[in-house]
Amino acid sequence: MNRMWYAIVLSGGSGSRMGAGINKTLLTLAGRPVLLRSVEAFLPYVAGVVIAVREEDRPAIQDMMVSQGISAIYSPAGATRQQSVYHALKALPTDCTHVLIHDGARALVDGGTIARVMAGVESHHAAAAAVPAVDTIRQVDNAELAINTPDRGTLRQMQTPQGFDLPLILSAHEQALADGYAGTDDVSLLERLGLPVLLTEGSRRNLKLTTPEDMLMAEALLNQGTPTFRIGHGYDVHRLVPGRKLILCGVEIPHTLGLLGHSDADVAVHALMDAMLGAAALGDIGKHFPDTDPQYKGISSMLLLSRVEKLLCAEGWQVVNADVTIVAQKPKLLPYIPQMRQNLAGTLGVTPEQINVKATTTERLGFEGEELGISAQAVVMLRK
Ligand code: MG
């Protein structure tokens with residue numbers, strides 16, 4: 001049978017226990033949004049991802065995914081987790097045969113955990129990640145008096161992903177809906193029908209980020225070991241000519257002249273990309289995107305920046321900060337700088353606070369001063 005796997009990632013809750021005032025999956029964890037980390041973990045394993053989102057979070061989440069070149073399907077979050085999952089199941093493409101359901105707040109999920117759940121589904125039709133309980137779990141009565149101590153050896157702490165044959169989980173949800181049953185997770189919906197679910201080995205690292213302490217622990221896990229820092233510098237020049245657009249850091253700026261080049265000639269982004277590639281010792285943009293290649297003719301440099309970011313990401317590098325200087329006599333760039341920072345930060349998956357863009361003139365000296373061209377320099381720090 002031809003299996004077609006999809007993942008459902010729940011970005012759902014209000015994050016009230018996090019006390020951050022925003023959806024916790026939008027928080028940044030070691031330089032990358034929680035939800036982005038969760039979604040990216042599944043991309044090597046599935047044909048597509050459905051993200052269950054609250055209406056008010058949808059624009060931010062969509063921007064986050066688009067900036068990373070991830071095209072997801074979005075489904076509306078419900079009043080409960082169970083409703084969110086049900087809506088997401090209904091939003092799956094018709095070619096889907098198997099589904100992995102994951103809490104967006106489990107951003108540290110690893111490939112091994114995902115692969116073991118998938119193997120469990122292939123042998124048992126339903127499987128979920130779990131770890132042995134380490135604490136003694138005790139049952140209490142209403143007066144908080146101990147009444148029972150289940151044998152710890154038989155207890156497991158549940159995690160996600162939880163994976164299923166699609167028809168199986170869909171019918172379990174429909175049955176629960178018809179019976180008015182509210183379960184704590186998807187496994188519980190099968191369990192009550194007496195259907196077997198294999199629990200596969202999860203990971204202690206696969207934390208559900210619920211409280212500020214969890215964020216600290218997750219950051220520590222992600223940053224364990226001695227980090228490596230690298231610095232890179234980039235420099236670029238493009239000629240100013242009539243009849244071309246002036247695009248700097250992805251912002252189209254009204255001007256009588258524009259920059260000449262094979263791509264959109266975004267000189268600032270070119271300097272930034274060279275700084276990034278330089279820091280990672282991956283050469284320069286000429287090597288990765290040769291201007292003799294017709295596929296790069298007129299291409300948006302922001303698109304190339306996103307490719308450079310992916311290249312670095314694949315090698316384990318993340319941007320700590322970047323500082324870009326644009327040298328131009330005219331026009332005045334100050335009004336465009338907030339948008340420039342936002343564009344760069346969005347594409348790099350960092351916050352605007354990690355990106356600086358500044359503009360300077362040369363007091364009419366040199367080619368920039370004579371308005372023959374614009375130059376840009378960039379310095380970037382990377383962390384592994
Ligand atoms: Mg260039």
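Me: What makes a contact a salt bridge here, and how many are counted?

Reply: A salt bridge is a side-chain nitrogen of Lys or Arg within 4 Å of a carboxyl oxygen of Asp or Glu, and by this rule the count comes to 13. The model is predicted, so local features need pLDDT of at least 70 and side-chain atom pairs count only at pLDDT 80 or more, whereas totals for chains, interfaces and linings use all residues. Residues are numbered from 1 along each chain as its sequence is written, and side-chain values use heavy atoms, with hydrogens and water left out.

Me: Why is the pair of arginine 54 and glutamate 56 called a salt bridge?

Reply: The N to O distance between their side chains is 3.4 Å, and the rule asks for a nitrogen and an oxygen within 4 Å, so the pair qualifies. Arginine 54 also forms a salt bridge with aspartate 57, with the closest N and O atoms 3.2 Å apart.

Me: How do you know that the salt bridge of arginine 81 and aspartate 103 ties together parts that are apart in sequence?

Reply: The two side chains meet at 3.0 Å, N to O. Arginine 81 lies in helix α3 (residues 81-91) and aspartate 103 in strand β6 (residues 98-103), so the pair ties together parts that are 22 residues apart in sequence. Helices (H or I, at least four residues) and strands (E, at least two) are DSSP runs, numbered from the N terminus. Arginine 81 is partly exposed at 24%, whereas aspartate 103 is buried at 8%. Through shared partners, salt bridges join Arg81, Asp103, Arg106, Asp186 and Lys208 into one network.

Me: What makes Asp236, His238 and His270 donors of the magnesium ion?

Reply: Donors are N, O and S atoms within 2.8 Å of the metal (3.2 Å for Na, K and Ca), and water is not among the atoms, so sites may look incomplete. Asp236 (OD), His238 (NE2) and His270 (ND1) coordinate the magnesium ion at 2.1 to 2.3 Å, and these distances therefore meet the cut-off. Along the chain the donors follow the spacing D-x1-H-x31-H. Aspartate 236 in strand β12 (residues 229-242) and histidine 270 in helix α8 (residues 267-279) are 34 residues apart, and the pair links distant parts of the chain. Aspartate 236 is buried, with a relative accessible area of 16%, and histidine 270 is buried at 7%.

Me: What makes a set of residues a nonpolar core, and which residues have the most contacts inside the largest one?

Reply: A nonpolar core is a set of buried Ala, Val, Leu, Ile, Met, Phe, Trp, Tyr and Cys residues joined through side-chain atoms within 4.5 Å. The largest has 50 residues, and those with the most contacts inside it are Leu272, Ile326 and Leu344. Among the elements that each supply at least two residues of this core are α8, β16 (318-327) and α11 (337-348), and α8 gives the most, with ten residues. Apart from this core lies another, of 26 residues, among them Leu36, Val53, Tyr74 and Ala127.

Note on methods. Buried < 20%, exposed > 50% of the residue type's maximum accessible area, 1.4 Å probe, protein only.
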